[in-house]
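I opened this notebook to record what I looked up, item by item.

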Amino acid sequence: MREWVRRYLPCEIAGTVGELGGAAVAYLATGSLAAAAITATIGASAGYYAVAYASALRWSYRGNDDRRWPSRVLVSSLFALRSVAVEFGPAELIDSVAVRPVAFYVGPLIFHNTIAGWIFGKLVSDLAFYLLAIFSYERFKGLLVRVQPTAEEVADESVSTSAAA
(Lines give C-alpha, C1' and ligand atoms only; values in the text may rest on other atoms or scores of the structure.)
Protein backbone atom coordinates (compact mmCIF):
# COMPACT_ATOMS: atom_id res chain seq x y z
CA MET A 1 0.00 0.00 0.00
CA ARG A 2 2.83 2.41 0.88
CA GLU A 3 4.40 1.77 -2.52
CA TRP A 4 1.15 2.65 -4.32
CA VAL A 5 0.64 5.83 -2.29
CA ARG A 6 4.21 6.94 -2.95
CA ARG A 7 3.83 6.19 -6.63
CA TYR A 8 0.36 7.61 -7.28
CA LEU A 9 -0.19 10.46 -4.78
CA PRO A 10 1.85 13.14 -6.60
CA CYS A 11 0.12 12.21 -9.86
CA GLU A 12 -3.27 12.27 -8.18
CA ILE A 13 -2.73 15.72 -6.70
CA ALA A 14 -1.77 17.19 -10.08
CA GLY A 15 -4.62 15.36 -11.82
CA THR A 16 -7.17 16.56 -9.28
CA VAL A 17 -6.11 20.18 -9.68
CA GLY A 18 -6.42 19.90 -13.47
CA GLU A 19 -9.68 18.00 -13.24
CA LEU A 20 -11.64 20.12 -10.78
CA GLY A 21 -10.06 23.38 -11.94
CA GLY A 22 -10.82 22.63 -15.57
CA ALA A 23 -14.38 21.55 -14.79
CA ALA A 24 -15.02 24.71 -12.76
CA VAL A 25 -13.64 27.04 -15.43
CA ALA A 26 -15.56 25.30 -18.23
CA TYR A 27 -18.81 25.25 -16.25
CA LEU A 28 -18.53 28.90 -15.23
CA ALA A 29 -17.71 29.92 -18.80
CA THR A 30 -20.40 27.86 -20.54
CA GLY A 31 -22.94 26.68 -17.96
CA SER A 32 -22.70 23.27 -19.62
CA LEU A 33 -22.19 20.06 -17.64
CA ALA A 34 -21.06 18.35 -20.85
CA ALA A 35 -18.30 20.93 -21.41
CA ALA A 36 -17.29 20.64 -17.76
CA ALA A 37 -17.15 16.83 -17.99
CA ILE A 38 -14.96 16.90 -21.09
CA THR A 39 -12.68 19.59 -19.66
CA ALA A 40 -12.41 17.69 -16.36
CA THR A 41 -11.34 14.57 -18.23
CA ILE A 42 -8.70 16.44 -20.23
CA GLY A 43 -7.46 18.36 -17.17
CA ALA A 44 -7.17 15.19 -15.10
CA SER A 45 -5.16 13.45 -17.79
CA ALA A 46 -2.86 16.40 -18.46
CA GLY A 47 -2.00 16.94 -14.80
CA TYR A 48 -1.71 13.26 -13.96
CA TYR A 49 0.49 12.24 -16.87
CA ALA A 50 2.76 15.25 -16.69
CA VAL A 51 3.79 14.11 -13.22
CA ALA A 52 3.77 10.39 -14.10
CA TYR A 53 6.04 10.92 -17.10
CA ALA A 54 8.39 13.26 -15.22
CA SER A 55 8.73 10.73 -12.40
CA ALA A 56 9.33 7.83 -14.78
CA LEU A 57 11.87 9.89 -16.69
CA ARG A 58 13.71 10.82 -13.50
CA TRP A 59 13.80 7.20 -12.28
CA SER A 60 14.86 5.92 -15.70
CA TYR A 61 17.56 8.57 -16.09
CA ARG A 62 19.06 7.56 -12.74
CA GLY A 63 19.04 3.93 -13.84
CA ASN A 64 20.89 4.64 -17.10
CA ASP A 65 24.04 6.21 -15.66
CA ASP A 66 26.30 3.97 -17.76
CA ARG A 67 25.44 5.89 -20.97
CA ARG A 68 26.63 9.21 -22.36
CA TRP A 69 24.33 12.24 -22.25
CA PRO A 70 22.47 12.19 -25.61
CA SER A 71 21.81 8.46 -25.64
CA ARG A 72 21.07 8.49 -21.90
CA VAL A 73 18.30 11.05 -22.41
CA LEU A 74 16.85 9.20 -25.41
CA VAL A 75 16.91 5.78 -23.76
CA SER A 76 15.51 7.20 -20.52
CA SER A 77 12.70 8.92 -22.43
CA LEU A 78 11.79 5.71 -24.25
CA PHE A 79 11.77 3.71 -20.99
CA ALA A 80 9.60 6.39 -19.39
CA LEU A 81 7.11 6.40 -22.29
CA ARG A 82 6.91 2.61 -22.28
CA SER A 83 6.43 2.57 -18.54
CA VAL A 84 3.59 5.10 -18.57
CA ALA A 85 1.88 3.37 -21.53
CA VAL A 86 2.08 -0.11 -19.99
CA GLU A 87 1.00 0.94 -16.52
CA PHE A 88 -1.73 3.42 -17.42
CA GLY A 89 -2.74 2.77 -21.03
CA PRO A 90 -5.68 0.39 -20.50
CA ALA A 91 -6.87 2.24 -17.40
CA GLU A 92 -6.70 5.62 -19.14
CA LEU A 93 -8.53 4.39 -22.22
CA ILE A 94 -11.49 3.10 -20.22
CA ASP A 95 -11.41 6.03 -17.80
CA SER A 96 -11.20 8.88 -20.30
CA VAL A 97 -13.49 7.43 -22.96
CA ALA A 98 -16.29 6.18 -20.73
CA VAL A 99 -16.12 6.38 -16.96
CA ARG A 100 -14.89 9.91 -16.11
CA PRO A 101 -16.93 11.97 -18.60
CA VAL A 102 -20.11 10.05 -17.79
CA ALA A 103 -19.52 10.26 -14.03
CA PHE A 104 -18.81 14.01 -14.19
CA TYR A 105 -21.91 14.60 -16.30
CA VAL A 106 -24.32 12.31 -14.40
CA GLY A 107 -23.06 13.06 -10.87
CA PRO A 108 -24.54 16.59 -10.67
CA LEU A 109 -27.81 15.31 -12.15
CA ILE A 110 -28.08 12.58 -9.50
CA PHE A 111 -27.21 14.82 -6.55
CA HIS A 112 -28.89 18.01 -7.86
CA ASN A 113 -25.71 19.77 -6.79
CA THR A 114 -22.76 20.44 -9.07
CA ILE A 115 -19.98 20.21 -6.47
CA ALA A 116 -21.37 17.07 -4.80
CA GLY A 117 -21.86 15.51 -8.23
CA TRP A 118 -18.30 16.26 -9.27
CA ILE A 119 -16.95 14.78 -6.04
CA PHE A 120 -19.06 11.69 -6.70
CA GLY A 121 -17.82 11.58 -10.30
CA LYS A 122 -14.22 11.88 -9.19
CA LEU A 123 -14.54 9.08 -6.63
CA VAL A 124 -16.27 6.70 -9.03
CA SER A 125 -13.85 7.34 -11.88
CA ASP A 126 -10.78 7.17 -9.62
CA LEU A 127 -11.93 3.82 -8.24
CA ALA A 128 -12.30 2.37 -11.74
CA PHE A 129 -9.00 3.90 -12.88
CA TYR A 130 -6.93 2.68 -9.93
CA LEU A 131 -8.33 -0.85 -10.03
CA LEU A 132 -7.02 -1.15 -13.59
CA ALA A 133 -3.79 0.84 -13.06
CA ILE A 134 -2.77 -1.13 -9.97
CA PHE A 135 -3.53 -4.40 -11.75
CA SER A 136 -1.25 -3.32 -14.63
CA TYR A 137 1.44 -2.13 -12.22
CA GLU A 138 1.50 -5.40 -10.29
CA ARG A 139 1.26 -7.56 -13.41
CA PHE A 140 3.93 -5.75 -15.46
CA LYS A 141 6.42 -4.47 -12.85
CA GLY A 142 9.30 -5.88 -14.88
CA LEU A 143 8.55 -3.49 -17.76
CA LEU A 144 8.19 -0.39 -15.61
CA VAL A 145 10.73 2.12 -14.37
CA ARG A 146 10.23 2.61 -10.67
CA VAL A 147 11.96 3.48 -7.46
CA GLN A 148 13.10 0.38 -5.68
CA PRO A 149 12.13 -0.15 -2.03
CA THR A 150 14.58 1.03 0.62
CA ALA A 151 16.62 -1.35 2.73
CA GLU A 152 14.17 -0.93 5.60
CA GLU A 153 11.30 -2.01 3.36
CA VAL A 154 13.05 -5.08 2.00
CA ALA A 155 14.78 -7.23 4.57
CA ASP A 156 17.95 -9.09 3.55
CA GLU A 157 18.03 -7.89 -0.07
CA SER A 158 20.41 -5.56 -1.85
CA VAL A 159 18.76 -2.40 -3.12
CA SER A 160 19.41 -0.31 -6.22
CA THR A 161 18.02 3.19 -6.64
CA SER A 162 15.95 2.48 -9.75
CA ALA A 163 15.14 -0.23 -12.21
CA ALA A 164 14.48 -0.10 -15.92
CA ALA A 165 13.79 -3.22 -17.91
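These entries go through the fold, the cores, the salt bridges and a surface patch.

**Entry 1: fold**

I noted that this is a predicted model. I then looked up the secondary structure and found four helices and two strands. Along the sequence I read the order α-α-α-α-β-β. I checked burial next: 39% of the 165 residues count as buried. For the surface total I got about 9100 Å² of accessible area. Carbon and sulfur atoms hold 70% of that area.

I also looked at contact range. Taking contacts with a separation of 6 or more, 67% join residues 24 or more positions apart.

**Entry 2: nonpolar cores**

In soluble globular proteins, nonpolar side chains tend to be buried together. I looked for such groups here. The largest nonpolar core has 19 residues. Y8, Y48, Y49, F88 and F129 touch the most other members. Helix 3 contributes the most, with six residues.

I followed Y49 in detail. Leaving out residues up to four places away in sequence, Y49 touches V84, F88, E92 and F129. I then found a second, separate core of seven residues. Among its members are L33, A37, F104 and W118.

**Entry 3: salt bridges**

Side chains of opposite charge can pair when their charged atoms come close. How many salt bridges does the structure hold? I listed nine.

I took K122 and E19 to begin with. Their side chains meet in a salt bridge at 3.1 Å, N to O. K122 lies in helix 4 (residues 114–139) and E19 in helix 1 (residues 2–30), so the pair ties together parts 103 residues apart in sequence. Are these two residues buried or exposed? Both K122 and E19 are buried.

I moved on to D126 and R100. This salt bridge spans 2.9 Å, N to O. D126 sits in helix 4 and R100 in helix 3, so the bridge ties together parts 26 residues apart in sequence. D126 and R100 are both buried.

I checked whether these pairs belong to a wider set. E12, E19, D95, R100, K122 and D126 are linked in a network of salt bridges. Both pairs above have their residues in that network.

**Entry 4: surface patch**

I searched the surface for nonpolar side chains. V102, Y105, V106, L109, I110 and F111 form a nonpolar patch there. Together they have about 520 Å² of accessible area.

V106 lies in helix 3 (residues 69–111). I found V106 at 30% relative accessibility, so V106 counts as partly exposed.

Conventions:
Residues numbered from 1 in each chain as written. Predicted model: local features only at pLDDT ≥ 70, side-chain atom pairs only at ≥ 80, totals over all residues. Heavy atoms only, no water. Patch = residues over 30% accessible without salt bridge, like charges linked within 9 Å, V, L, I, M, F, W, Y side chains within 5 Å. Areas by Shrake-Rupley, 256 points an atom, 1.4 Å probe, with all protein chains shown as cover. Salt bridge = Lys/Arg side-chain N within 4 Å of Asp/Glu carboxyl O. Buried < 20%, exposed > 50% of the residue type's maximum accessible area, 1.4 Å probe, protein only. Contact = heavy atoms within 4.5 Å. Core = buried A, V, L, I, M, F, W, Y, C linked by side-chain atoms within 4.5 Å.
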